[in-house]
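Reader: I am new to this structure and would like a close look at one part of it, namely the pairings between charged side chains. Could you take me through them slowly, and then show me what surrounds them?

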Amino acid sequence: MVSLVPESPSTSLRAVLWIGVVVTLFLGLGTFIVTVYRVVALSDARVDARTQLHTAHRAALQRWDEIRDLDPSRQPHIGDGPATQVELQRARQRDLQLGGLVRTASPDDTSLAAAVIALDDAVAAWQASPPAPSAKEDRLLERVRTRHLAVIERLGGIERALLTGFDERIRGTVAVAGMMMLLVGLLSITLVVWVLRRTATPLEQLARLAATRAPFPVPGATGIREVDVLAGALHQLDVAVRDHEQRLASAHREAIELTRFGERVQQALDERELHQLLGDHLREISGALACQTLVQAPDGERLELARNDLVDAGRLQLPIASEPMRCRALRTLRAVTADVGTAAACRCPLAEVGGSYLCAPMLATGTTVGVVALQADGRGAFASDVRRRVQAALAFGAPALASMRLLVATQERALRDPLTGAFNRSFLAESLDQRLAAAARRHGQIGVIMVDLDHFKQLNDTHGHAVGDRALIAAVAALQAGVRRGDAVVRVGGEELVVVLDDCTVSGALETAERLRVAVERIQLESDRGDVHVRASLGVAVAPDHGTDRPSLLDAADRALYRAKRDGRNTVRCARRRGARTTLSAAS
(Lines give C-alpha, C1' and ligand atoms only; values in the text may rest on other atoms or scores of the structure.)
Protein backbone atom coordinates (compact mmCIF):
# COMPACT_ATOMS: atom_id res chain seq x y z
CA MET A 1 0.00 0.00 0.00
CA VAL A 2 1.42 3.38 -0.98
CA SER A 3 1.90 5.82 1.89
CA LEU A 4 0.23 9.18 1.44
CA VAL A 5 2.61 10.94 3.87
CA PRO A 6 5.39 12.76 1.93
CA GLU A 7 8.94 11.68 2.53
CA SER A 8 10.20 15.26 2.98
CA PRO A 9 10.01 16.59 6.54
CA SER A 10 6.87 18.62 7.17
CA THR A 11 4.92 20.14 10.01
CA SER A 12 1.63 18.78 11.17
CA LEU A 13 -1.13 21.38 10.93
CA ARG A 14 -2.82 19.80 13.92
CA ALA A 15 0.38 20.07 15.96
CA VAL A 16 0.87 23.70 14.94
CA LEU A 17 -2.69 24.59 15.88
CA TRP A 18 -2.44 22.78 19.20
CA ILE A 19 0.87 24.47 19.97
CA GLY A 20 -0.62 27.84 19.06
CA VAL A 21 -3.67 27.22 21.23
CA VAL A 22 -1.55 26.05 24.17
CA VAL A 23 0.89 28.99 23.87
CA THR A 24 -1.96 31.47 23.56
CA LEU A 25 -3.80 30.04 26.52
CA PHE A 26 -0.57 29.89 28.56
CA LEU A 27 0.37 33.48 27.78
CA GLY A 28 -3.17 34.75 28.25
CA LEU A 29 -3.83 32.92 31.48
CA GLY A 30 -0.32 33.70 32.77
CA THR A 31 -0.72 37.37 32.01
CA PHE A 32 -4.15 37.40 33.61
CA ILE A 33 -2.96 35.59 36.74
CA VAL A 34 0.17 37.73 37.11
CA THR A 35 -1.80 40.93 36.55
CA VAL A 36 -4.48 39.98 39.04
CA TYR A 37 -1.87 38.90 41.59
CA ARG A 38 0.16 42.08 41.08
CA VAL A 39 -2.86 44.35 41.28
CA VAL A 40 -4.17 42.61 44.38
CA ALA A 41 -0.73 42.76 46.03
CA LEU A 42 -0.31 46.42 45.21
CA SER A 43 -3.82 47.17 46.39
CA ASP A 44 -3.18 45.36 49.68
CA ALA A 45 0.15 47.18 50.12
CA ARG A 46 -1.55 50.48 49.34
CA VAL A 47 -4.25 49.80 51.89
CA ASP A 48 -1.68 48.74 54.52
CA ALA A 49 0.49 51.81 53.88
CA ARG A 50 -2.45 54.13 53.97
CA THR A 51 -3.67 52.53 57.20
CA GLN A 52 -0.24 52.95 58.82
CA LEU A 53 0.00 56.54 57.61
CA HIS A 54 -3.44 57.30 58.93
CA THR A 55 -2.46 55.74 62.26
CA ALA A 56 0.72 57.84 62.39
CA HIS A 57 -1.20 60.90 61.35
CA ARG A 58 -3.78 60.38 64.09
CA ALA A 59 -0.97 59.80 66.60
CA ALA A 60 0.70 62.98 65.46
CA LEU A 61 -2.55 64.94 65.74
CA GLN A 62 -3.16 63.49 69.19
CA ARG A 63 0.37 64.49 70.18
CA TRP A 64 -0.23 67.91 68.77
CA ASP A 65 -3.37 68.28 70.80
CA GLU A 66 -1.40 67.35 73.91
CA ILE A 67 1.36 69.81 73.12
CA ARG A 68 -1.12 72.55 72.26
CA ASP A 69 -2.89 72.10 75.54
CA LEU A 70 0.36 72.33 77.52
CA ASP A 71 0.76 75.41 79.65
CA PRO A 72 4.20 76.14 81.00
CA SER A 73 2.66 77.50 84.16
CA ARG A 74 1.00 74.18 84.80
CA GLN A 75 4.00 72.02 83.90
CA PRO A 76 5.61 70.47 86.96
CA HIS A 77 9.30 70.63 87.41
CA ILE A 78 11.21 67.78 85.93
CA GLY A 79 12.33 66.66 89.32
CA ASP A 80 9.18 67.11 91.34
CA GLY A 81 7.41 63.97 92.40
CA PRO A 82 6.91 60.56 90.88
CA ALA A 83 3.79 61.69 88.96
CA THR A 84 5.86 64.11 86.95
CA GLN A 85 8.31 61.38 86.09
CA VAL A 86 5.53 59.06 85.00
CA GLU A 87 3.96 61.70 82.84
CA LEU A 88 7.25 62.53 81.24
CA GLN A 89 7.89 58.83 80.65
CA ARG A 90 4.50 58.46 78.93
CA ALA A 91 5.18 61.50 76.77
CA ARG A 92 8.50 59.97 75.77
CA GLN A 93 6.79 56.69 74.91
CA ARG A 94 4.21 58.50 72.78
CA ASP A 95 7.01 60.29 70.96
CA LEU A 96 8.79 57.02 70.38
CA GLN A 97 5.53 55.46 69.21
CA LEU A 98 4.99 58.33 66.82
CA GLY A 99 8.53 57.97 65.52
CA GLY A 100 8.04 54.22 65.04
CA LEU A 101 4.78 54.71 63.16
CA VAL A 102 6.35 57.32 60.95
CA ARG A 103 9.33 55.09 60.25
CA THR A 104 7.03 52.14 59.52
CA ALA A 105 4.92 54.25 57.15
CA SER A 106 8.00 55.46 55.25
CA PRO A 107 11.18 53.64 56.23
CA ASP A 108 13.19 55.15 53.37
CA ASP A 109 12.25 58.77 54.01
CA THR A 110 15.27 60.31 55.93
CA SER A 111 13.76 63.78 56.05
CA LEU A 112 10.73 62.48 57.94
CA ALA A 113 13.00 60.60 60.34
CA ALA A 114 15.07 63.75 60.92
CA ALA A 115 11.91 65.72 61.55
CA VAL A 116 10.75 63.19 64.12
CA ILE A 117 14.15 63.25 65.87
CA ALA A 118 14.06 67.05 65.94
CA LEU A 119 10.53 66.91 67.34
CA ASP A 120 11.66 64.51 70.04
CA ASP A 121 14.59 66.77 70.97
CA ALA A 122 12.36 69.85 71.03
CA VAL A 123 9.79 68.15 73.23
CA ALA A 124 12.53 66.91 75.56
CA ALA A 125 14.06 70.36 75.79
CA TRP A 126 10.73 71.98 76.36
CA GLN A 127 9.81 69.54 79.07
CA ALA A 128 13.15 70.13 80.80
CA SER A 129 12.58 73.92 81.10
CA PRO A 130 11.61 75.41 84.47
CA PRO A 131 7.97 75.99 85.21
CA ALA A 132 8.32 79.73 85.36
CA PRO A 133 7.38 81.41 82.16
CA SER A 134 10.22 82.83 80.31
CA ALA A 135 11.18 83.82 76.84
CA LYS A 136 13.26 80.64 76.50
CA GLU A 137 10.26 78.52 77.35
CA ASP A 138 8.21 80.23 74.74
CA ARG A 139 10.85 79.68 72.18
CA LEU A 140 11.09 76.01 73.04
CA LEU A 141 7.35 75.59 72.87
CA GLU A 142 7.25 77.39 69.57
CA ARG A 143 10.00 75.10 68.28
CA VAL A 144 8.04 72.03 69.36
CA ARG A 145 4.99 73.28 67.62
CA THR A 146 6.90 74.08 64.48
CA ARG A 147 8.58 70.69 64.40
CA HIS A 148 5.31 68.92 65.00
CA LEU A 149 3.55 70.78 62.24
CA ALA A 150 6.44 69.81 59.94
CA VAL A 151 5.96 66.16 60.87
CA ILE A 152 2.24 66.34 60.19
CA GLU A 153 2.79 68.09 56.86
CA ARG A 154 5.44 65.58 55.92
CA LEU A 155 3.13 62.69 56.75
CA GLY A 156 0.49 64.12 54.45
CA GLY A 157 3.02 64.49 51.61
CA ILE A 158 4.27 60.99 52.16
CA GLU A 159 0.72 59.66 52.03
CA ARG A 160 0.02 61.48 48.83
CA ALA A 161 3.30 60.39 47.23
CA LEU A 162 2.83 56.79 48.41
CA LEU A 163 -0.71 56.57 47.09
CA THR A 164 0.37 58.14 43.82
CA GLY A 165 3.20 55.61 43.51
CA PHE A 166 0.86 52.72 44.17
CA ASP A 167 -1.58 54.01 41.57
CA GLU A 168 1.19 54.40 39.03
CA ARG A 169 2.46 50.89 39.71
CA ILE A 170 -1.06 49.50 39.32
CA ARG A 171 -1.51 51.39 36.06
CA GLY A 172 1.90 50.12 34.92
CA THR A 173 0.91 46.57 35.74
CA VAL A 174 -2.33 46.96 33.80
CA ALA A 175 -0.40 48.48 30.89
CA VAL A 176 2.05 45.55 30.90
CA ALA A 177 -0.90 43.16 30.99
CA GLY A 178 -2.44 44.98 28.06
CA MET A 179 0.82 44.74 26.14
CA MET A 180 0.99 41.04 26.88
CA MET A 181 -2.59 40.56 25.71
CA LEU A 182 -1.78 42.54 22.57
CA LEU A 183 1.25 40.32 22.05
CA VAL A 184 -0.96 37.23 22.46
CA GLY A 185 -3.42 38.65 19.93
CA LEU A 186 -0.62 39.41 17.48
CA LEU A 187 0.74 35.91 17.98
CA SER A 188 -2.71 34.42 17.29
CA ILE A 189 -3.15 36.56 14.18
CA THR A 190 0.32 35.57 12.98
CA LEU A 191 -0.49 31.90 13.52
CA VAL A 192 -3.79 32.22 11.64
CA VAL A 193 -2.12 34.06 8.74
CA TRP A 194 0.65 31.47 8.60
CA VAL A 195 -1.84 28.59 8.56
CA LEU A 196 -3.95 30.29 5.90
CA ARG A 197 -0.94 31.00 3.70
CA ARG A 198 0.26 27.42 4.04
CA THR A 199 -3.18 25.83 3.50
CA ALA A 200 -5.45 28.20 1.58
CA THR A 201 -3.17 28.67 -1.43
CA PRO A 202 -2.51 24.93 -2.05
CA LEU A 203 -6.18 24.12 -1.43
CA GLU A 204 -7.23 26.86 -3.86
CA GLN A 205 -4.86 25.49 -6.49
CA LEU A 206 -6.22 21.96 -5.97
CA ALA A 207 -9.80 23.24 -6.21
CA ARG A 208 -8.97 25.10 -9.45
CA LEU A 209 -7.41 21.98 -10.94
CA ALA A 210 -10.45 19.94 -9.94
CA ALA A 211 -12.83 22.52 -11.44
CA THR A 212 -10.95 22.57 -14.77
CA ARG A 213 -10.50 18.74 -14.77
CA ALA A 214 -6.78 19.30 -15.18
CA PRO A 215 -4.41 16.58 -14.00
CA PHE A 216 -3.21 16.92 -10.43
CA PRO A 217 0.58 17.39 -10.32
CA VAL A 218 2.94 15.48 -8.08
CA PRO A 219 2.58 17.22 -4.68
CA GLY A 220 5.44 19.34 -3.42
CA ALA A 221 6.51 19.92 0.15
CA THR A 222 4.23 22.71 1.40
CA GLY A 223 5.44 22.30 4.95
CA ILE A 224 1.97 21.21 6.13
CA ARG A 225 1.63 17.47 6.46
CA GLU A 226 -2.16 17.40 6.07
CA VAL A 227 -2.03 19.49 2.89
CA ASP A 228 0.72 17.28 1.49
CA VAL A 229 -1.29 14.17 2.38
CA LEU A 230 -4.39 15.63 0.69
CA ALA A 231 -2.39 16.64 -2.38
CA GLY A 232 -0.81 13.19 -2.55
CA ALA A 233 -4.17 11.46 -2.19
CA LEU A 234 -5.72 13.64 -4.91
CA HIS A 235 -2.74 12.99 -7.18
CA GLN A 236 -3.00 9.23 -6.69
CA LEU A 237 -6.77 9.39 -7.14
CA ASP A 238 -6.32 11.42 -10.32
CA VAL A 239 -3.78 8.93 -11.64
CA ALA A 240 -6.09 6.03 -10.80
CA VAL A 241 -9.12 7.74 -12.38
CA ARG A 242 -7.24 8.62 -15.54
CA ASP A 243 -5.83 5.12 -15.75
CA HIS A 244 -9.35 3.75 -15.30
CA GLU A 245 -10.61 6.12 -18.00
CA GLN A 246 -7.88 4.93 -20.34
CA ARG A 247 -8.81 1.33 -19.65
CA LEU A 248 -12.47 2.11 -20.24
CA ALA A 249 -11.63 3.96 -23.46
CA SER A 250 -9.47 1.02 -24.56
CA ALA A 251 -12.24 -1.41 -23.66
CA HIS A 252 -14.71 0.75 -25.57
CA ARG A 253 -12.47 0.77 -28.63
CA GLU A 254 -12.04 -2.98 -28.33
CA ALA A 255 -15.80 -3.42 -28.00
CA ILE A 256 -16.41 -1.31 -31.11
CA GLU A 257 -13.71 -3.19 -32.99
CA LEU A 258 -15.14 -6.51 -31.80
CA THR A 259 -18.65 -5.44 -32.83
CA ARG A 260 -17.45 -4.55 -36.29
CA PHE A 261 -15.61 -7.84 -36.50
CA GLY A 262 -18.78 -9.64 -35.45
CA GLU A 263 -20.71 -7.83 -38.19
CA ARG A 264 -18.14 -8.89 -40.79
CA VAL A 265 -18.27 -12.45 -39.49
CA GLN A 266 -22.05 -12.50 -39.80
CA GLN A 267 -21.73 -11.30 -43.37
CA ALA A 268 -19.34 -14.11 -44.38
CA LEU A 269 -20.79 -16.20 -47.21
CA ASP A 270 -19.01 -19.44 -46.51
CA GLU A 271 -16.59 -21.11 -44.15
CA ARG A 272 -13.57 -20.20 -46.24
CA GLU A 273 -14.34 -16.49 -46.04
CA LEU A 274 -14.99 -16.82 -42.33
CA HIS A 275 -11.59 -18.42 -41.72
CA GLN A 276 -9.95 -15.67 -43.74
CA LEU A 277 -11.67 -12.93 -41.72
CA LEU A 278 -10.92 -14.62 -38.40
CA GLY A 279 -7.26 -15.23 -39.19
CA ASP A 280 -6.65 -11.69 -40.44
CA HIS A 281 -8.32 -10.19 -37.38
CA LEU A 282 -6.35 -12.38 -34.97
CA ARG A 283 -3.07 -11.44 -36.63
CA GLU A 284 -4.00 -7.77 -36.49
CA ILE A 285 -4.89 -7.65 -32.79
CA SER A 286 -2.04 -9.92 -31.64
CA GLY A 287 0.77 -8.88 -33.97
CA ALA A 288 1.34 -12.52 -34.93
CA LEU A 289 3.31 -13.37 -38.06
CA ALA A 290 1.23 -16.46 -38.91
CA CYS A 291 -2.13 -18.01 -38.07
CA GLN A 292 -3.27 -21.60 -38.47
CA THR A 293 -6.86 -22.71 -37.99
CA LEU A 294 -7.74 -26.36 -37.52
CA VAL A 295 -11.41 -27.32 -37.39
CA GLN A 296 -13.14 -30.57 -36.61
CA ALA A 297 -13.76 -32.87 -39.53
CA PRO A 298 -17.35 -33.97 -40.23
CA ASP A 299 -16.68 -37.29 -38.52
CA GLY A 300 -15.64 -35.45 -35.32
CA GLU A 301 -12.54 -37.62 -34.92
CA ARG A 302 -9.99 -35.53 -36.80
CA LEU A 303 -8.88 -31.95 -37.33
CA GLU A 304 -8.71 -30.38 -40.76
CA LEU A 305 -6.40 -27.49 -41.62
CA ALA A 306 -8.73 -24.67 -42.67
CA ARG A 307 -6.17 -21.82 -42.76
CA ASN A 308 -2.41 -21.93 -42.94
CA ASP A 309 -0.03 -18.96 -43.18
CA LEU A 310 3.22 -20.92 -42.93
CA VAL A 311 5.23 -21.23 -46.11
CA ASP A 312 6.20 -24.84 -45.54
CA ALA A 313 2.88 -25.80 -43.96
CA GLY A 314 2.29 -28.43 -46.60
CA ARG A 315 5.24 -30.40 -45.34
CA LEU A 316 4.29 -30.11 -41.67
CA GLN A 317 3.25 -33.30 -39.98
CA LEU A 318 0.67 -32.37 -37.36
CA PRO A 319 0.03 -35.16 -34.86
CA ILE A 320 -2.97 -33.27 -33.50
CA ALA A 321 -4.71 -33.58 -36.89
CA SER A 322 -5.32 -37.28 -36.34
CA GLU A 323 -5.24 -37.15 -32.52
CA PRO A 324 -6.87 -33.90 -31.38
CA MET A 325 -6.49 -34.73 -27.69
CA ARG A 326 -2.72 -34.45 -28.00
CA CYS A 327 -3.24 -30.68 -28.18
CA ARG A 328 -2.93 -29.19 -24.70
CA ALA A 329 -5.33 -26.35 -25.55
CA LEU A 330 -8.03 -28.83 -26.56
CA ARG A 331 -7.41 -31.00 -23.50
CA THR A 332 -7.62 -28.15 -21.02
CA LEU A 333 -10.00 -25.97 -23.04
CA ARG A 334 -7.76 -23.02 -22.16
CA ALA A 335 -5.37 -20.84 -24.12
CA VAL A 336 -1.76 -22.05 -24.02
CA THR A 337 1.20 -19.76 -24.65
CA ALA A 338 4.94 -20.20 -24.22
CA ASP A 339 8.26 -19.21 -25.73
CA VAL A 340 9.66 -21.51 -28.36
CA GLY A 341 12.37 -23.82 -27.05
CA THR A 342 11.47 -23.52 -23.38
CA ALA A 343 10.50 -26.38 -21.10
CA ALA A 344 6.88 -25.22 -21.09
CA ALA A 345 6.61 -25.26 -24.89
CA CYS A 346 4.46 -27.94 -26.55
CA ARG A 347 6.07 -30.64 -28.70
CA CYS A 348 4.20 -29.66 -31.82
CA PRO A 349 5.40 -28.29 -35.17
CA LEU A 350 3.10 -25.30 -34.69
CA ALA A 351 4.96 -24.46 -31.44
CA GLU A 352 8.39 -24.45 -33.12
CA VAL A 353 8.00 -21.38 -35.32
CA GLY A 354 9.17 -17.86 -34.36
CA GLY A 355 9.89 -16.81 -30.80
CA SER A 356 6.59 -17.54 -29.07
CA TYR A 357 3.23 -19.07 -29.84
CA LEU A 358 -0.37 -19.05 -28.65
CA CYS A 359 -2.90 -21.86 -29.08
CA ALA A 360 -6.52 -21.18 -28.16
CA PRO A 361 -9.48 -23.54 -28.44
CA MET A 362 -12.54 -22.54 -30.43
CA LEU A 363 -15.59 -23.24 -28.28
CA ALA A 364 -19.24 -22.80 -29.13
CA THR A 365 -21.98 -23.69 -26.63
CA GLY A 366 -19.57 -25.96 -24.78
CA THR A 367 -18.58 -27.83 -27.92
CA THR A 368 -15.09 -27.80 -29.39
CA VAL A 369 -15.13 -26.44 -32.93
CA GLY A 370 -11.38 -26.32 -33.52
CA VAL A 371 -8.16 -24.67 -32.40
CA VAL A 372 -6.23 -21.58 -33.53
CA ALA A 373 -2.42 -21.37 -33.43
CA LEU A 374 -0.61 -18.01 -33.64
CA GLN A 375 3.15 -17.51 -33.96
CA ALA A 376 5.13 -14.31 -33.23
CA ASP A 377 8.77 -13.35 -33.73
CA GLY A 378 9.57 -12.06 -30.24
CA ARG A 379 9.47 -13.88 -26.96
CA GLY A 380 6.66 -13.15 -24.56
CA ALA A 381 4.63 -11.59 -27.35
CA PHE A 382 1.29 -12.92 -26.14
CA ALA A 383 0.64 -11.06 -22.91
CA SER A 384 -2.55 -11.35 -20.89
CA ASP A 385 -4.28 -8.49 -22.71
CA VAL A 386 -3.44 -10.05 -26.07
CA ARG A 387 -4.80 -13.41 -24.93
CA ARG A 388 -7.95 -11.69 -23.68
CA ARG A 389 -8.51 -9.99 -27.04
CA VAL A 390 -7.82 -13.20 -28.95
CA GLN A 391 -10.29 -15.14 -26.80
CA ALA A 392 -12.87 -12.35 -27.24
CA ALA A 393 -12.49 -12.59 -31.02
CA LEU A 394 -12.78 -16.37 -30.88
CA ALA A 395 -15.91 -15.96 -28.78
CA PHE A 396 -17.42 -14.31 -31.87
CA GLY A 397 -15.74 -16.44 -34.51
CA ALA A 398 -16.28 -19.90 -33.04
CA PRO A 399 -20.08 -19.62 -32.62
CA ALA A 400 -20.32 -18.07 -36.07
CA LEU A 401 -18.35 -20.99 -37.51
CA ALA A 402 -20.45 -23.51 -35.60
CA SER A 403 -23.65 -21.81 -36.75
CA MET A 404 -22.44 -21.74 -40.32
CA ARG A 405 -21.49 -25.40 -40.26
CA LEU A 406 -24.77 -26.26 -38.58
CA LEU A 407 -26.64 -24.26 -41.20
CA VAL A 408 -24.74 -25.99 -43.98
CA ALA A 409 -25.41 -29.35 -42.40
CA THR A 410 -29.06 -28.49 -42.01
CA GLN A 411 -29.26 -27.34 -45.58
CA GLU A 412 -27.43 -30.46 -46.65
CA ARG A 413 -29.94 -32.60 -44.80
CA ALA A 414 -32.82 -30.63 -46.27
CA LEU A 415 -31.42 -30.85 -49.79
CA ARG A 416 -30.20 -34.44 -49.70
CA ASP A 417 -31.92 -37.74 -50.09
CA PRO A 418 -31.91 -39.54 -46.74
CA LEU A 419 -31.37 -42.97 -48.31
CA THR A 420 -28.51 -42.36 -50.73
CA GLY A 421 -27.01 -39.09 -49.52
CA ALA A 422 -27.45 -37.58 -52.98
CA PHE A 423 -29.03 -34.16 -53.44
CA ASN A 424 -32.79 -34.08 -53.89
CA ARG A 425 -35.11 -32.41 -56.39
CA SER A 426 -35.26 -29.14 -54.39
CA PHE A 427 -31.53 -28.75 -54.61
CA LEU A 428 -31.61 -29.41 -58.32
CA ALA A 429 -34.17 -26.70 -58.94
CA GLU A 430 -32.19 -24.05 -57.06
CA SER A 431 -28.67 -25.11 -57.89
CA LEU A 432 -29.15 -25.69 -61.60
CA ASP A 433 -30.71 -22.25 -62.06
CA GLN A 434 -27.79 -20.61 -60.26
CA ARG A 435 -25.22 -22.57 -62.27
CA LEU A 436 -26.92 -21.74 -65.56
CA ALA A 437 -27.02 -18.04 -64.68
CA ALA A 438 -23.36 -18.04 -63.66
CA ALA A 439 -22.34 -19.92 -66.81
CA ALA A 440 -24.28 -17.45 -68.97
CA ARG A 441 -22.42 -14.53 -67.36
CA ARG A 442 -19.02 -16.03 -68.04
CA HIS A 443 -20.05 -17.66 -71.34
CA GLY A 444 -19.44 -21.13 -69.95
CA GLN A 445 -21.20 -24.47 -70.36
CA ILE A 446 -23.15 -26.67 -67.95
CA GLY A 447 -23.61 -30.37 -68.57
CA VAL A 448 -26.50 -32.52 -67.36
CA ILE A 449 -26.50 -36.34 -67.35
CA MET A 450 -29.83 -38.07 -66.81
CA VAL A 451 -29.26 -41.54 -65.29
CA ASP A 452 -31.84 -44.35 -64.95
CA LEU A 453 -31.08 -47.78 -63.53
CA ASP A 454 -32.14 -50.47 -66.00
CA HIS A 455 -34.79 -52.97 -64.94
CA PHE A 456 -34.82 -51.60 -61.42
CA LYS A 457 -38.42 -52.65 -60.79
CA GLN A 458 -37.57 -56.19 -61.82
CA LEU A 459 -34.58 -56.10 -59.45
CA ASN A 460 -36.83 -55.11 -56.56
CA ASP A 461 -39.37 -57.76 -57.42
CA THR A 462 -36.72 -60.47 -57.71
CA HIS A 463 -34.35 -59.67 -54.86
CA GLY A 464 -36.48 -57.50 -52.62
CA HIS A 465 -36.54 -53.80 -51.81
CA ALA A 466 -33.65 -54.07 -49.40
CA VAL A 467 -31.37 -55.25 -52.18
CA GLY A 468 -32.88 -52.59 -54.43
CA ASP A 469 -31.97 -49.94 -51.87
CA ARG A 470 -28.47 -51.33 -51.70
CA ALA A 471 -28.18 -51.21 -55.45
CA LEU A 472 -29.41 -47.60 -55.49
CA ILE A 473 -26.96 -46.58 -52.77
CA ALA A 474 -24.07 -48.27 -54.58
CA ALA A 475 -25.00 -46.57 -57.85
CA VAL A 476 -25.07 -43.13 -56.20
CA ALA A 477 -21.71 -43.80 -54.57
CA ALA A 478 -20.23 -44.82 -57.94
CA LEU A 479 -21.56 -41.64 -59.55
CA GLN A 480 -20.23 -39.43 -56.73
CA ALA A 481 -16.84 -41.07 -56.96
CA GLY A 482 -16.71 -40.51 -60.72
CA VAL A 483 -17.36 -36.73 -60.76
CA ARG A 484 -15.42 -33.69 -59.59
CA ARG A 485 -15.80 -32.00 -56.21
CA GLY A 486 -17.91 -29.17 -57.56
CA ASP A 487 -20.26 -31.42 -59.49
CA ALA A 488 -23.53 -32.68 -58.01
CA VAL A 489 -25.36 -36.01 -58.01
CA VAL A 490 -29.14 -35.61 -57.58
CA ARG A 491 -31.85 -38.19 -57.00
CA VAL A 492 -34.99 -36.85 -58.61
CA GLY A 493 -37.19 -39.84 -57.78
CA GLY A 494 -37.13 -43.65 -57.62
CA GLU A 495 -34.18 -44.91 -59.63
CA GLU A 496 -33.81 -41.69 -61.64
CA LEU A 497 -30.62 -39.70 -61.00
CA VAL A 498 -29.20 -36.48 -62.45
CA VAL A 499 -25.55 -35.50 -62.58
CA VAL A 500 -24.78 -31.76 -62.96
CA LEU A 501 -21.34 -30.92 -64.42
CA ASP A 502 -19.78 -27.43 -64.17
CA ASP A 503 -17.76 -26.03 -67.08
CA CYS A 504 -18.16 -29.11 -69.23
CA THR A 505 -18.27 -29.37 -73.03
CA VAL A 506 -20.36 -31.85 -74.95
CA SER A 507 -17.45 -34.20 -75.52
CA GLY A 508 -16.40 -33.92 -71.90
CA ALA A 509 -19.93 -34.67 -70.77
CA LEU A 510 -20.09 -37.73 -73.02
CA GLU A 511 -16.78 -39.02 -71.71
CA THR A 512 -17.88 -38.52 -68.13
CA ALA A 513 -21.19 -40.25 -68.83
CA GLU A 514 -19.46 -43.23 -70.32
CA ARG A 515 -17.10 -43.43 -67.34
CA LEU A 516 -20.05 -43.34 -64.99
CA ARG A 517 -21.88 -46.04 -66.96
CA VAL A 518 -18.85 -48.29 -66.64
CA ALA A 519 -18.58 -47.55 -62.89
CA VAL A 520 -22.22 -48.53 -62.37
CA GLU A 521 -21.77 -51.65 -64.49
CA ARG A 522 -18.98 -52.81 -62.21
CA ILE A 523 -21.21 -52.86 -59.16
CA GLN A 524 -21.51 -56.39 -57.77
CA LEU A 525 -24.07 -57.23 -55.13
CA GLU A 526 -25.09 -60.48 -53.54
CA SER A 527 -28.48 -61.58 -52.30
CA ASP A 528 -30.23 -64.75 -51.17
CA ARG A 529 -31.37 -65.29 -54.73
CA GLY A 530 -28.03 -64.90 -56.45
CA ASP A 531 -25.74 -62.20 -57.72
CA VAL A 532 -27.17 -58.82 -58.58
CA HIS A 533 -25.92 -56.91 -61.60
CA VAL A 534 -26.65 -53.18 -61.90
CA ARG A 535 -26.87 -51.43 -65.23
CA ALA A 536 -27.79 -47.87 -66.19
CA SER A 537 -28.86 -45.83 -69.22
CA LEU A 538 -27.62 -42.25 -69.51
CA GLY A 539 -28.80 -39.20 -71.46
CA VAL A 540 -26.48 -36.19 -71.93
CA ALA A 541 -27.41 -32.52 -72.59
CA VAL A 542 -25.18 -29.44 -72.45
CA ALA A 543 -26.18 -25.79 -72.11
CA PRO A 544 -26.37 -23.69 -74.13
CA ASP A 545 -26.15 -26.21 -76.99
CA HIS A 546 -29.26 -28.16 -75.98
CA GLY A 547 -31.03 -25.64 -73.77
CA THR A 548 -30.50 -22.35 -72.00
CA ASP A 549 -32.74 -22.85 -68.98
CA ARG A 550 -33.46 -25.62 -66.55
CA PRO A 551 -36.67 -27.05 -68.06
CA SER A 552 -35.33 -27.15 -71.60
CA LEU A 553 -32.00 -28.62 -70.56
CA LEU A 554 -33.57 -31.33 -68.42
CA ASP A 555 -36.08 -32.11 -71.17
CA ALA A 556 -33.26 -32.53 -73.69
CA ALA A 557 -31.38 -34.86 -71.33
CA ASP A 558 -34.58 -36.82 -70.65
CA ARG A 559 -35.21 -37.31 -74.38
CA ALA A 560 -31.62 -38.51 -74.78
CA LEU A 561 -32.18 -40.95 -71.89
CA TYR A 562 -35.36 -42.18 -73.56
CA ARG A 563 -33.41 -42.90 -76.69
CA ALA A 564 -30.79 -44.80 -74.67
CA LYS A 565 -33.56 -46.93 -73.18
CA ARG A 566 -35.05 -47.47 -76.58
CA ASP A 567 -31.69 -48.39 -78.09
CA GLY A 568 -31.12 -51.30 -75.76
CA ARG A 569 -30.26 -49.74 -72.36
CA ASN A 570 -26.85 -49.72 -70.67
CA THR A 571 -25.74 -47.06 -73.09
CA VAL A 572 -25.16 -43.32 -73.40
CA ARG A 573 -27.02 -40.96 -75.69
CA CYS A 574 -26.58 -37.24 -76.26
CA ALA A 575 -29.34 -34.80 -76.94
CA ARG A 576 -29.80 -33.80 -80.55
CA ARG A 577 -28.51 -30.53 -81.87
CA ARG A 578 -29.69 -29.23 -85.28
CA GLY A 579 -30.89 -32.65 -86.27
CA ALA A 580 -27.58 -34.34 -85.53
CA ARG A 581 -27.16 -37.26 -83.15
CA THR A 582 -24.15 -38.25 -81.22
CA THR A 583 -24.03 -41.74 -79.74
CA LEU A 584 -21.55 -43.57 -77.58
CA SER A 585 -22.75 -47.13 -77.14
CA ALA A 586 -21.67 -49.66 -74.67
CA ALA A 587 -20.00 -51.57 -77.43
CA SER A 588 -17.89 -48.59 -78.41
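Predicted model: local features only at pLDDT ≥ 70, side-chain atom pairs only at ≥ 80, totals over all residues.

Author: What follows is a walk through the salt bridges, then a helix, some backbone details and a surface patch.

Begin with D280 and R307, whose side chains meet in a salt bridge with 3.0 Å from N to O. Because D280 belongs to helix 6 (residues 271-286) while R307 belongs to strand 2 (residues 303-308), this pair ties together parts that are 27 residues apart in sequence. The two partners can be described by their accessibility as well: D280 counts as partly exposed, since its relative accessibility is 38%, whereas R307, at 7%, counts as buried.

Turn next to R491, which forms a salt bridge with D417, the closest N and O atoms being 3.0 Å apart. R491 sits in strand 7 (residues 488-493) and D417 in the loop between helix 9 (384-415) and helix 10 (425-441), so that parts 74 residues apart in sequence are tied together by the pair. R491 has a relative accessible area of 17% and is therefore buried, and D417, with 14% relative accessibility, counts as buried.

A further bridge links K565 with D452, and here the closest N and O atoms are 2.3 Å apart. As K565 lies in helix 14 (residues 550-566) and D452 in strand 6 (residues 446-453), the pair ties together parts that are 113 residues apart in sequence. Both K565 and D452 are buried. Salt bridges can also share partners, and in this way E254, E257, R388 and R389 are joined into one network.

Helix 13 (residues 506-521) is made of 16 residues and reaches 22 Å from its first C-alpha to its last, close to the 22 Å expected at 1.5 Å a residue. Its buried residues include V506, A509, L510, A513, L516, R517 and V520.

A543 and P544 are joined by a cis peptide bond, with omega about 5°, and P544 is found in the loop between strand 11 (536-543) and helix 14. H443, in the loop between helix 10 and strand 6, has a phi near 60°, a positive value in a residue other than glycine; with a relative accessible area of 73%, H443 is exposed. N570 has a positive phi too, near 50°, and is likewise a residue other than glycine. This residue, N570, lies in the loop between helix 14 and strand 12 (572-574), and at 14% relative accessibility N570 counts as buried.

Finally, consider the surface, where W18, V21, V22, L25, L29, F32, I33, V36 and V40 form a nonpolar patch with about 900 Å² of accessible area together. Among these, W18 lies in helix 1 (residues 13-69), and W18 counts as exposed because its relative accessibility is 56%.

Key. Residues numbered from 1 in each chain as written. Heavy atoms only, no water. Patch = residues over 30% accessible without salt bridge, like charges linked within 9 Å, V, L, I, M, F, W, Y side chains within 5 Å. Areas by Shrake-Rupley, 256 points an atom, 1.4 Å probe, with all protein chains shown as cover. Salt bridge = Lys/Arg side-chain N within 4 Å of Asp/Glu carboxyl O. Helix = DSSP H or I, 4+ residues; strand = E, 2+ residues; numbered from the N terminus. Buried < 20%, exposed > 50% of the residue type's maximum accessible area, 1.4 Å probe, protein only. Expected span 1.5 Å × (residues − 1).
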